[in-house]
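Subject: Structure handover

Hello,

Here is the structure, with notes on what was found in it below.

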Amino acid sequence: MATINQNFLKLQNNYLFSTIAKKVNNYKALYPETDIISLGIGDVTLPLPEVCVKALHDATCEMADQKTFHGYGAEQGYPFLRNKIATFDYHGLDIAPEEIFVSDGAKCDVARIVQLFGTDNVVAIPDPVYPVYIDTNVMAGRSGDFNPEKQQFEKIVYLPMTLENGFVPQLPGQDVDLIYLCSPNNPTGIAMTKEELTRWVNYAVGHEAIILFDSAYEAFIQDDNVPHSIYEIPKAKQVAIEFRSFSKTAGFTGLRCGYTVIPKDIQIDSVRLIDLYQRLITTQFNGACYLSQRAAAALYCAEGISQVNDNISYYLNNCKIIRNALTSLGITCFGGDNSPYIWLKIPNGMKSWNFFDTLLETCHVVGTPGAGFGPRGEGFFRFTAFNTLENTIKAMDRLKNL
Ligand code: MLT
């Protein structure tokens, strides 16, 4: 008789953004005329940069001609893209193209990577957090049981991100083996400084731990003291795996392309993680789409960089509009300087899912309840800056009805 992976039964609720989509769809079914504005899931609205569109057309023509057609590509990505990433994104950081694995997106990589590690590893995860880190470790059997009172899994070490610590995860009081860090952070929008990241790298070196560093929002960094890569920190190449994505940088949420960096220096018990990952992806993955990789590679030129910068500035301007509107309503908010997310303190002690319902019903605006990101997200709420300028202004105007 077949049995199921019992760990799946420990997962709490549905995936956060599916729950939100369902609630919004239910509301739309009841009130089909309502014009709902979503500042919920971090999905982009600007079209692809022109350089990508041209590259897609060219690549499509190649695929239409037998002489230039591409079938399976290398599982780790085409050299034309890996070389560009190494040269441009890791300029001066001595990351080799062979240490870069191109994929169908950072979310998929974050989910895949957990297979490399033993189920007995103690995992430290910030709270609140992008739910994929918790859920994938639950599925893998690393979480222990869920404690409904604490709203936490027993074996996971939660790293509180609170008002008091400025939403920056602090070193744990116990030994941990795997550490998730996300900077600029989803959901709080706060980015870690060089000093803060250095503390974590030193901890990982001292405890022989591995840092899983999610850098999907790197392109939004504006401050000089915020590192663009964890490899700017000395010794990080011994302990850190970095995930990046073209989704938010260049509007690839629908096209799909991201990458993971695994330095060859990272070893556990004399086994190189890069070799394990190579084995994993050759078994489980047939390489990212050729068209997506051509589109991504096209970004690495003066024109592409300028088009990406324009998009980032557009979204950061939306952040400013959201922050100004909230502040003028007397609502305290954080983030949005180095990231596309604004994290706000819900006024009057309202619970975050209640605030979600109120906002939807009163203002027809969708955001993401903080509690969906973990127990310490309760009392907070997230807005994204990824909608259009017009809709962002309209949504903020509607908040006056609250
Ligand atoms: C989010 O809204 O947190 C992100 O869009 C989710 C994702 O990137 O998968």
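Four strands make up an open sheet with antiparallel pairing, in the order E13-E14-E17-E16. Strands here are DSSP runs of E of at least two residues, helices are runs of H or I of at least four, and both are numbered from the N terminus; two strands count as paired if DSSP finds at least two bridges between them. At the edges are strand E13 (333-335) and strand E16 (368-369), each of which pairs on one side only.

This is a predicted model, in which local features need pLDDT of at least 70 and side-chain atom pairs count only at pLDDT 80 or more, while totals for chains, interfaces and linings use all residues. Residues are numbered from 1 along each chain as its sequence is written, and side-chain values use heavy atoms, with hydrogens and water left out.

Opposite Lys345 stands Phe380 in E17. Helix H12 (residues 352-363) lies across E14, E16 and E17 and runs at about 45° to E17. Angles are taken between N-to-C directions, from 0 to 180 degrees, with axes fitted to C-alpha atoms, for helices over the stretch in contact; contact means heavy atoms within 4.5 Å.

There is also an open sheet of seven strands, with mixed pairing and the order E2-E10-E9-E8-E7-E3-E6. Its edge strands are E2 (100-103) and E6 (157-160), each pairing on one side only. On average, neighbouring strands of this sheet are turned by 20° against each other, direction ignored. Strands E7 (residues 178-182) and E8 (residues 210-214) are paired in the parallel sense over five bridges, and Tyr180 has Leu212 in E8 as its bridge partner. Helix H9 (residues 273-284) packs on the sheet, where it touches E2, E8, E9 (240-245) and E10 (258-261), and its direction makes about 25° with that of E2.

Now the ligand. The residues around it (a heavy atom within 4 Å) are Phe17, Ile41, Gly42, Lys107, Tyr130, Asn186, Tyr217, Lys248, Tyr341 and Arg382. Of the 270 Å² of accessible area that the ligand has on its own (Shrake-Rupley method, 1.4 Å probe), the protein covers 85%.

Regards
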